[in-house]
Amino acid sequence: MPHFKTSSPFALICALAPLALAAPAAQADDPIAMRASAEHRLASARLNRPDGSDAGYVTLTETPNGVLIEAELTGLPAGEHGFHIHETGSCSPDFSTAGEHMTARLDNAETADGESEAVHGFERAAGPHPGDMPNIHVPESGALHIEVLNARVSFESENALFDADGSALILHSGADDYETQPSGAAGERIACGVIEREM
Ligand SMILES: [Cu+2]
């Protein structure tokens, strides 16, 4: 009767085979090229409260299907908050210099809402603004880790985050109702971060 031991030459070859297969792929992925490519696709924003305190860190990755936004938030009031991309890469002390939401001209000059430029809100036929995103729900701890894909923006092509004056991420004191103009009645700006290229 055949007797197999785990240390037989056959078993050893089987154990090494996945490594041998993996090696050429690892060599093909030039680390320098990978890093350059990653830098091209990455951006970040450090969010601050109006008093200058830390509100968290956001990483933005450009994908073929939009910009993936991963936010590690901290020090926020519990509850529901509007979360948007605003049109200017600036956070003055009261965050007003971030401007309004990133918007865009619509392909059809006349829409159901009679607008030629996108209006605010997922509930509006002529919406949403490219900068509109779903509300976030902060627990009692004030900390939250989320990911959201914004499929309507890009780094440098359509609805570019890195246009001449850049863009910023804003958190609001209240929930976005996805309908009221121009910003969903989401209340004051409680955190802001300029979106910056990872270079
Ligand atoms: Cu906003």
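Student: Which residues does Leu47 touch, leaving out those up to four places away in sequence?

Tutor: A contact here is a pair of C-beta atoms within 7 Å. In this predicted model, Leu47 touches Ala55, Gly56 and Val58, and also Leu169, Leu171, Ala191, Cys192 and Gly193.

Student: Which residues touch the most other members of the largest nonpolar core?

Tutor: Leu47 is one of them, together with Ala168, Leu169, Cys192 and Ile195, in a core of 31 residues. At least two residues of this core come from each of β1 (42-48), β2 (54-63), β3 (66-73), β5, β6 (136-138), β8 (168-172) and β9 (189-194).

Student: Now to a loop. Is Gly82 buried or exposed, and why?

Tutor: A residue counts as buried when 20 or more other C-beta atoms lie within 10 Å of its own. Gly82 is buried because 26 other C-beta atoms lie within that distance. Its place is the loop between β4 (79-81) and β5 (83-86). Beyond its sequence neighbours up to four places away, Gly82 touches Asn135, His172, Gly174, Ala175, Asp176, Gly184 and Ala186.

Student: How far apart are Gly82 and Tyr178 in sequence and in space?

Tutor: They are 96 residues apart in sequence, with 9.2 Å from C-alpha to C-alpha.

Student: What share of the protein is buried?

Tutor: Buried residues make up 30% of its 199 residues. As for contacts between residues at least 6 apart in sequence, 57% join residues at least 24 apart.

Terms used: Residues are numbered from 1 along each chain as its sequence is written. This is a predicted model: local features need pLDDT of at least 70, side-chain atom pairs count only at pLDDT 80 or more; totals for chains, interfaces and linings use all residues. Helices (H or I, at least four residues) and strands (E, at least two) are DSSP runs, numbered from the N terminus. A residue is buried if 20 or more other C-beta atoms lie within 10 Å of its own, exposed if 12 or fewer, and partly exposed in between; C-beta atoms are placed from the backbone. Two residues are in contact if their C-beta atoms, placed from the backbone, lie within 7 Å. A nonpolar core is a set of buried Ala, Val, Leu, Ile, Met, Phe, Trp, Tyr and Cys residues joined through C-beta atoms within 7 Å.
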